[in-house]
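Here are my notes for a colleague who is opening this entry for the first time. They are set out as numbered points, to be read beside the model.

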Amino acid sequence: MPDALAVRVTPLSRRYAPRKASLRLFPLGAFTWGSTGNPVRPRTRPDHTLIWVTQGSMRLDLPRNSVLLGAGDIRYIPSGTAFSAVPQTGAEGHVLTISPELTTDVDPALPQSMTAGSVGQSGPAMLVNLQELVAEATSAPDRHALTCHLNLLSLRLSRLDPEQHQVTRQQEATVDRPLVDQFLAISERELGSLRTLADTAQDLGTTLAQLDRACQEAKGRRAVELLHELRLERAAELLRHTDRPMGRIAVDLGYASQTHLTRAFVEATGRTPEVFRAQMRQLSSPASGSV
């Protein structure tokens with residue numbers, strides 16, 4: 001693989017060093033993403049990620065919902081989005097990861113938010129597009145040619161059929177879903193407050209044990225875990241779009257200290273908040289377009 005598009009594995013002491021731009025295609029069955037644990041939790045990823053299921057299913061967990069992607073379903077997930085992806089037994093398909101540095105000149109631009117759809121009858125053409133992208137990136141990388149292939153991919157994503165096989169997890173339909181929705185809405189409004197989860201449960205007319213049970217049924221995670229994910233999601237937004245100091249972000253989001261924020265952010269993303277902010281600004285800078 002040419003140097004310009006090579007992926008380097010760096011020692012632990014250099015884990016936050018900037019990576020070289022890359023474009024890689026994985027078999028879906030070999031791709032798992034998320035923070036370690038059981039269940040796997042959503043974690044932000046620095047690459048744009050395209051998931052295409054051709055057989056079986058893949059579980060996709062986001063901070064606020066969980067779905068099963070079925071045969072033909074495609075999800076495009078922009079960089080910086082928190083998600084976890086776990087292929088189910090027998091799942092097949094393709095996962096394309098693209099460094100944002102390679103997409104600055106794409107026209108039409110790749111989606112800035114998550115895009116869902118079904119490949120429909122254009123599966124063979126989509127597969128050729130992905131294979132040509134990887135071939136261009138790995139054999140004789142030419143930025144203009146690579147951008148042309150990415151332009152075509154962006155057009156295909158804008159013309160996806162509606163998802164046909166998305167199966168919402170059974171837990172999403174439980175009778176306690178309104179309680180969980182209210183809990184998430186209150187928590188999002190009061191992330192920086194010092195109120196306990198027991199206080200919030202009391203305001204909702206329930207107990208912490210009942211709230212935990214409802215969250216487990218609807219989201220597969222306890223109330224405290226959902227609150228943790230909301231804080232991380234908001235922290236990533238503030239780091240990406242504001243100059244607010246780290247200490248202030250920690251206070252505003254209810255972390256015990258800046259150190260607490262840093263520890264939680266590193267665990268979820270593999271990067272410190274400072275490194276995440278610097279990388280996001282570099283990606284948005286006009287000068288970041290070179291490979």
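At what angle do helix 5 and helix 6 pack, and how far apart are their axes?

1. Helix 5 and helix 6 pack at an angle of about 65 degrees, with 8 Å between their axes; axes here are lines fitted to C-alpha atoms, for helices over the stretch in contact, and angles run from 0 to 180 degrees between N-to-C directions. The two helices are therefore roughly perpendicular to each other, a label that covers 65 to 115 degrees, while angles under 35 count as roughly parallel, over 145 as roughly antiparallel and the rest as oblique. Leu211, Asp212, Cys215 and Lys219 of helix 5 meet Ala223, Val224 and Leu226 of helix 6, and by class these residues are five nonpolar, no polar and two charged. In that count Ala, Val, Leu, Ile, Met, Phe, Trp, Tyr, Cys and Pro are nonpolar, Asp, Glu, Lys and Arg are charged, and the others, Gly among them, are polar.

2. On the basis of these notes: this is a predicted model, in which local features need pLDDT of at least 70 and side-chain atom pairs count only at pLDDT 80 or more, whereas totals for chains, interfaces and linings use all residues. Residues are numbered from 1 along each chain as its sequence is written, and side-chain values use heavy atoms, with hydrogens and water left out.

3. The protein chain has nine helices and ten strands, taken as DSSP runs numbered from the N terminus, with at least four residues (H or I) for a helix and at least two (E) for a strand. Of its 291 residues, 47% are buried, that is, under 20% relative accessible area, with exposed meaning over 50% and partly exposed in between (1.4 Å probe, protein chains only).

4. Helix 6 (residues 223-241) also packs with helix 8 (residues 258-269), at an angle of about 95 degrees and with the axes 11 Å apart. The contact (heavy atoms within 4.5 Å) is made by His228, Leu232, Ala235, Ala236 and Leu239 on helix 6 and by Leu261, Ala264, Phe265 and Ala268 on helix 8. Eight of these residues are nonpolar, one is polar and none is charged.

5. The largest nonpolar core has 33 residues, of which Val180, Phe183, Leu211, Cys215, Leu253, Tyr255 and Phe265 touch the most other members; such a core is a set of buried Ala, Val, Leu, Ile, Met, Phe, Trp, Tyr and Cys residues joined through side-chain atoms within 4.5 Å. Helix 6 gives the most to this core, with nine residues. Another core, of 22 residues, lies apart from it and includes Leu102, Leu150, Leu153 and Leu157.

6. Ile186, found in helix 3, is buried, with a relative accessible area of 16%. Leaving aside neighbours within four places in sequence, Ile186 is in contact with Thr200 and Leu204, and its C-alpha atom is separated by 7.9 Å from that of Thr200, which is 14 residues away along the chain.

7. An open sheet of five strands has the order 1-8-3-6-9, with antiparallel pairing, where two strands pair if DSSP finds at least two bridges between them. Strand 1 (23-27) and strand 9 (115-118) are the edge strands, each pairing on one side only. Strand 1 and strand 8 (residues 92-98) are joined by five bridges, and Pro27 has His94 as its bridge partner in strand 8. Helix 2 (residues 143-158) packs on the sheet, and its direction makes about 125 degrees with that of strand 8.
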